[in-house]
Amino acid sequence: MAWKIWKKPKERADEEYRKAYKKGINLGDWRSAYNSLVNAIKLYGEAGYTDRCLECRALACLCLALMYPERKKYWVEASKALRALGGKTISFPKPVNSLDLALECDLRAMELEIKELKSEEEKAKALMSLAQRYNTIKRDLLLVSILQGVNQDGESRGRVLIARAYIHLGNSVLDRDPLKAAEYYRMASLQFSSIGFAREAEDWDAKSKRLQEVRECWVCGRKVVGRDVNFIVLEGRITGYLAGMESGKTLKTFSDEGIVVCIACSSIITTIADRIAKAYYEKMMRALEETRRELLKRIERLESRISRLEWEVRMSRR
Ligand SMILES: [Zn+2]
């Protein structure tokens with residue numbers, strides 16, 4: 001716009017700065033805020049306002065991180081830029097100490113780093129130590145309120161991470177020790193419940209209880225612990241006679257839901273079923289191909305008859 005040309009860089013910078021709040025930060029529109037802040041950085045630089053430049057840079061880095069919250073490097077950059085302000089109070093849009101906010105950015109970057117770890121045990125260990133760092137924050141976390149729309153203090157955030165650590169520990173032993181995994185999942189459930197995460201608490205408690213269930217496989221007769229992991233219940237038919245044969249047993253081999261089958265027996269059944277289905281499919285495709293070829297031959301014969309007839313008609317007209 002023409003009027004902008006004769007305005008001084010400082011005035012234009014102030015305008016961009018105000019716009020970054022009015023149309024961006026205050027509304028949670030991080031992209032709009034970022035664009036205005038980038039302009040403000042340039043204009044404050046031209047006008048020689050270094051402090052304002054640094055502040056806008058920190059705000060811009062933060063907006064960028066909020067635009068791409070799953071990218072670790074942006075949180076690292078935001079943290080660095082915020083630390084460069086010292087302990088200055090900034091408005092985002094609530095007043096917050098830049099060093100406090102830098103710490104939140106650091107912890108968020110660490111959380112993303114943990115996601116990249118390969119083993120479940122490593123993830124659990126790292127989450128436990130990250131939880132301890134969150135525990136030292138005795139106020140509501142600004143980034144959690146922005147990104148998740150909930151008020152959560154450092155200790156509660158720590159408990160979420162401890163719960164997640166227990167889930168990873170459970171996953172790490174699930175294959176060989178379902179009862180131990182069930183215990184870890186139960187601990188996760190308790191952590192969730194302690195901070196009012198009712199749905200998560202219920203889900204992990206239910207999973208823990210299913211893992212503790214013990215049944216006997218109808219097919220091989222093995223005693224198996226761990227529903228959904230080591231045994232499943234399949235649809236099937238039981239007569240009164242068969243049910244009578246099982247009546248003395250302490251462990252259930254069937255229920256109203258179906259028949260108990262350990263995962264080894266069920267995998268044999270599904271493998272054989274798959275093989276049979278595949279053989280049927282191939283047989284059907286071969287039959288279809290034969291029919292197709294037969295039909296093509298007939299069409300060819302018909303076409304040659306038609307052209308012969310056409311030729312005869314033409315000849316008779318001469
Ligand atoms: Zn079995």
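1. The model holds an open sheet of 3 strands in the order β5-β7-β6, with antiparallel pairing. Strands here are DSSP runs of E of at least two residues, helices are runs of H or I of at least four, and both are numbered from the N terminus. Two strands pair if DSSP finds at least two bridges between them. β5 and β6 (254-255) are the edge strands, each with a single partner, so one side of each has no neighbour in the sheet. Helix α13 (residues 263-317) packs on the sheet and touches β5 and β7, its direction making about 100 degrees with that of β7.

2. This is a predicted model, in which local features need pLDDT of at least 70 and side-chain atom pairs count only at pLDDT 80 or more, while totals for chains, interfaces and linings use all residues. Residues are numbered from 1 along each chain as its sequence is written.

3. Strand β5 (residues 231-234) pairs with β7 (residues 258-262) in the antiparallel sense, over 4 bridges. F231 has C262 of β7 as its bridge partner. F231 and V233 form the covered face of β5, and I232 and L234 the uncovered one. In a regular strand, side chains alternate between the two faces of the sheet.

4. After α3 comes G48, with a positive phi near 85 degrees.

5. Which residues of α3 are buried? They are W30, A33, Y34, S36, L37, A40, I41, L43 and Y44; buried means that 20 or more other C-beta atoms, placed from the backbone, lie within 10 Å of the residue's own. Their cover includes α2 (9-24) and α4 (50-67).

6. α3 and α4 pack at about 160 degrees with axes 9 Å apart, the axes being lines fitted to C-alpha atoms over the stretch in contact and the angles running from 0 to 180 degrees between N-to-C directions. The two helices are therefore roughly antiparallel (over 145 degrees). Residues in the contact (C-beta atoms, placed from the backbone, within 7 Å) include W30 and Y34 of α3 and C53 and L64 of α4.

Conventions. A residue is buried if 20 or more other C-beta atoms lie within 10 Å of its own, exposed if 12 or fewer, and partly exposed in between; C-beta atoms are placed from the backbone. Two residues are in contact if their C-beta atoms, placed from the backbone, lie within 7 Å. Angles under 35 degrees count as roughly parallel, over 145 as roughly antiparallel, 65 to 115 as roughly perpendicular and the rest as oblique.
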